[in-house]
Every structure is written in C-alpha cells, then in structure tokens.
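These are my notebook entries on one protein chain. I recorded what I looked up, entry by entry, with the cut-offs beside the terms.

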Amino acid sequence: MKHGDGQDAGTPGRLDRRLFLAAATGGALAGVAVTGCHTAATGRSGTGSTTPAADRRAEREDSTRAGDSDWRVRSVGPPEAVEGYTDKVSVLPGEEFGLYVSTTAPAFRVSAYRVGWYGGAQARLVWRSPRVAGSVQARPRLLQATRTVRADWRRTLPVRTSGWPEGAYLLRLDAENGHQRYVPLIVRSASAAGKVVLMHAVATWQAYNTWGGYSLYQGEDGSYGTRSLAVSFNRPYGSNGAEKFLVYERAAVVLAEKLGIPLAYTTGTDIHRDPGVLRNAAGALSLGHDEYWTPQQRAYITRARDAGTNVAFLGANACFRRVRLEPDGTGADRTVVCYKTDYRRDPYLAHHPDMPTHDFRQPPGASPESSLTGVLYEGYPVDAPYAVRQSDHWLFEGTGVKRGDSFEHLVGVEYDRVTPGMPTPAPLEIIAHSPLVCKGKHSHADSAYYTVPSGAGVFASGTMRWVEALMAGTRENGRNHGMDARTGAFVTRATENLLHAFAAGPCGRIRPKPRDNVRAVYASAPH
C-alpha cells in the first residue's frame, strides 16, 4: 500500500483506510490435549506431538450440512477482556496446536467454527472445549532492533484437530465476563490435486496487525518512522481477532463451498515452506487482500501456473511486497520481515544483495508483480464505478451486462491497472476498464485475463472490493461502501463462472482464448 511508504501518514485517506481495513496458566487443563468435549491426557508438555496417521486422513465436509448461525462475536469488550493466538497458522487434520489466551474472566470456553455455506448460516460448530481456567498473561515484549512485538505467553491449552475437516476456522473465545474474540486457524490440505486451492493471506493479516501498538505501517505513536521492521505471529490480532479474514476472505470461502466444487485450503506461508500442495491443482485463488509474499511463494505459484494451474487474484495490490520469513524461539516462519524503505538497514542484505524486503518492483532485485498478475498496483484511496468493457467475455456469462455498464463503488479502496511498458504476459485481454481519479490523477482500474502455454488462465479483478462485493446488498460487513444488491449479484455470478471454469481444468484449453486488446485500450489513454 502506498501509505506503507510513509507518503500518506496523517492524511484523511489513511484514517478512512483504517476504518475500512482495520481492522494463560497451566490451570486445570495443563498438559492435556483437548480433542472434543472431553480431555485426554497426553503426557507431553510441548505442542509438536506426533499425530497418528489415522488422524491425518482428511475428512471431507458435506456442504449440505446444517450450520450454526450463532458463530458471530456479540461483544468484543476491551482488549484485555479476552484475546488469544495459536502457535501455528495452520495444521493438517488431526495435528495439534497450542492456544494462548489471556482474559480478565475467571474462565472461558473455545468454540471452533468452520466457515462454509451451510444453508446460509456461513459456519458450523465443529468442536467446543470444556471450561478452561482464565488468567491475565504477561505484558508483551518489544524487540528493539526491529520494533517487533511478541506476546510470548504461556500456553493455555493444546488442542488436537481430530475429526476436523479441512477448511478455514474461527476459534471463538467465549469468556465468562460476557466478551468474545476470534482466533483464526486454517486446517490445511496436504494436497490440492484436482481441486481449487484457497490461499489465505496470513502474512498480510500480520503486517496490518497493530496489537501491542506496532505493525509494519506504524509504531505506538502512530507514525511510519517508528513502525515495526518485522512482525510476529506470536501475538493476538487486534479488533475482533479476525477482521482481515472476515472482510476479505470469508465471502469467497462461503461462495466456493456453496458451489460444491472440489476445494483445498492453505496459506501463503505454507506454500512458501512446502509447495507440494500445488501439485496438479486445478486452480489457486489469491483472495481479497494478499499484499505480502515471499519470493518463494511467488516462484511456486508461477511454476504451478506454468504447469497448468489456473490462478486468480480477487483483490488489488496482490504480490506487492517482498518479505522474508524467519523463525523465533517457538517455531519456523513465525516472523514476517519487511523493512520497506529502510531495506538498506537489514543486516541480511549484506550477504543477499538481491533479496531486499520492500516492493517487488523496486531495485535491487526488481521484479514487478505484473509478470504474474497481469496488472500493476497503482493507487489508494479511490472510490469509483466498475466499467465493463468486454461484455461477451466468458467470465460475464449470465450476468446480462453490456459494454459500458457500470457498478457504483466496486473499484476501491485500492486498484490495479494494466501498465504498458511494464512486464506483462501476452496475449492479455482487458475485460473491464474503469475510469477514476486518485489524488487528483486521472487513470483507470483494469480487470484482466491472460493464458499461458500450459493452458492455465489467470484473472485479476483490479479492485480490492471484489470479495467484499459478494456480500453487497446484504447486512453482512456493514454498508459495503454503498455497493448495492445489483453489484452483489453481478460479482457473485462472475465469481461462480470463474470457480466453475477453474475447477474444470486449464481455462486456456476449455474457454475462449484472450483477445489481446491492451494496445487498443491504451492507445489514447494516459499511461
């Protein structure tokens, strides 16, 4: 994001952005792995226990099952009321994770909700813990060298995910003081062969997390200059605990599950560590806000594309920041490093001069994201109509749109565009070309589609509101920037078309090929 470069700090747009994006003791259960609504002694004090092979068999979720509408947080309360984090961003089915909770209440319970369609309820209760003794944990640590905040709490309880189907989970902490918060967790897939894999953007969640007063955007005083240079997963998320997921990812998960197509689940950091999940995947979805990538993640997604895996970028500003993952005392890949404009201060750079942690497009090691996404991030903040150009494109099948039709507020709050002169795959078709004004500059946001020789198709929406628009016209997610039910219906049908096509195989082999129109579109447009 532009304001991450320190250019927009203190501007009204920054405040709007924050509004839009915001965003234990040993106790009675110490040394016990909670596996259901009962406990089972483990005889272990650690969290990395060996899981029986039988537990690792992925249970397939029945998307027609009844859900539980009571999954939402009703009262967040003050930050100290109840909050927590896990020692793993994801686990395989049957694996164990540690849960770290601090609360002013005498006790709490944990309810694990799997997000999905479930007849419109959007989640199903998979597991609930017994009553767990509560306590107030220690104050967080600040690592001065990188201004990294770590909670480093004592583990409250281990939880084994036996019987939990793969998917995106919200662990709701229900404290006896009446307050609640979420802790997000992905029960990831070991393989996505023949499936569309949803990539949850946990590095981006953490980059924006201001818990403890610091994020990759600001320090405790609110300024860019005192921001963290590295952020840790060993701390709770601010606000309700899962704001990024709820705003930018949940609606896509719900819709994909509703369609009943074969799905797999993973995170960007898991792809970084083990790209095997992508082998023979039908498609890979980058969701609504997926800004922070490691070079390894990008290379593995590119390799999957070149092997026939379709790829979609449903948000804007994807694959924009180059980051590094580092271990800490609790495990591998628990720290996200991104020095941004201070990249020269990074000690790692001395021996890895082409590995700065800043924007992919910037030297040294410049590699603009457009070579993968087809579009280039250009600006923020913006609010503009989405303008259809290629109404006969297969993505818009069944939407009833005509060339020039527009949808108010669908372009925002950040946008991408096709940028002539930057590395861009070809042939590439601009299917929506939306005029806008950002900070006084006239430009366009573009939705684009291209294919590669493997047959894989790649789609980029060019707007950060695409996933949010899936909830437009409902009471979900507030006012959704004023987007109406017509916009919601349009984006929903287009996304359904995309998901069905991706699930069927390489789009370049079964769908019409892109008609390269970049030169025609930008012949007279500002570059």
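The entries below go from the overall chain to its cores, rings, backbone and helices.

**Entry 1: basis.** I worked from a predicted model, in which local features need pLDDT of at least 70, side-chain atom pairs count only at pLDDT 80 or more, and totals for chains, interfaces and linings use all residues. I numbered residues from 1 along each chain as its sequence is written, and side-chain values use heavy atoms, with hydrogens and water left out.

**Entry 2: the chain as a whole.** I took helices (H or I, at least four residues) and strands (E, at least two) as DSSP runs, numbered from the N terminus. The protein chain has eleven helices and 27 strands. I then looked up burial, where buried means under 20% relative accessible area, exposed over 50%, and partly exposed in between (1.4 Å probe, protein chains only). Of the 527 residues, 61% count as buried. The accessible surface is about 19,000 Å², and carbon and sulfur atoms hold 51% of this area. These areas come from the Shrake-Rupley method with a 1.4 Å probe; for residues, only the protein chains shown count as cover.

**Entry 3: nonpolar cores.** I used the term nonpolar core for a set of buried Ala, Val, Leu, Ile, Met, Phe, Trp, Tyr and Cys residues joined through side-chain atoms within 4.5 Å. The largest core has 76 residues, and Y292, L314, Y386, F396, F459 and F490 touch the most other members. Helix α9 gives the largest share of this core, seven residues. A second, separate core has 31 residues, including V197, L278, F360 and A456.

**Entry 4: Y292 and its surroundings.** Which residues is Y292 in contact with, leaving aside its neighbours within four places in sequence? I counted a contact where heavy atoms lie within 4.5 Å. The partners of Y292 are A203, T204, A207, Y208, L216, Y217, Q297, R321, V323, C338 and K340.

**Entry 5: aromatic pairs.** I let rings of Phe, Tyr and Trp (its six-membered ring) pair if their centres lie within 6.5 Å; planes under 30 degrees apart count as stacked, over 60 as edge-to-face and the rest as tilted. The count by this rule is 20 aromatic pairs. The ring centres of W164 and Y169 are 5.2 Å apart with planes at 25°, so I listed the pair as stacked. W164 and Y169 are both buried. For Y217 and Y292 the centres are 6.4 Å apart and the planes stand at 85°, so I listed this pair as edge-to-face. The pair links distant parts of the chain, 75 residues apart: Y217 is in the loop between α2 (202-207) and β15 (230-232), and Y292 is in strand β18 (residues 292-293). Both Y217 and Y292 are buried. I also noted one aromatic cluster formed by Y386, F396, F407, F459, W466 and F490.

**Entry 6: charges over rings.** My criterion was NZ of Lys or CZ of Arg within 6 Å of the ring centre and within 35 degrees of the ring normal. K340 lies over the face of Y217, 3.5 Å from the ring centre. The charged end of R227 sits over the ring of Y224, at 4.0 Å from its centre.

**Entry 7: backbone exceptions.** K340 is not a glycine, yet I found a positive phi of about 55° there. K340 is in the loop between β22 and α7, and its relative accessible area of 2% means that K340 is buried. R147, in the loop between β9 (141-143) and β10 (148-150), has a positive phi near 50°. R147 is buried too, at a relative accessible area of 15%. Next I looked up cis peptide bonds. The bond from P363 to P364 is cis, with omega near 0°, and P364 belongs to the loop between β22 (331-337) and α7 (370-373). A426 and P427 are also joined by a cis peptide bond, with omega about 0°; P427 is in the loop between β24 (406-417) and β25 (428-438).

**Entry 8: two helices.** I took the expected span of a helix as 1.5 Å times one less than its number of residues. Helix α9 (residues 485-504) has 20 residues and reaches 29 Å from its first C-alpha to its last, close to the expected 28 Å. Its buried residues include F490, V491, L498, L499 and F502. Just after α9, G505 takes a positive phi of about 130°. Helix α6 (residues 295-306) has twelve residues and reaches 16 Å, close to the 16 Å expected. Among the buried residues of α6 are Q297, R298 and I301.
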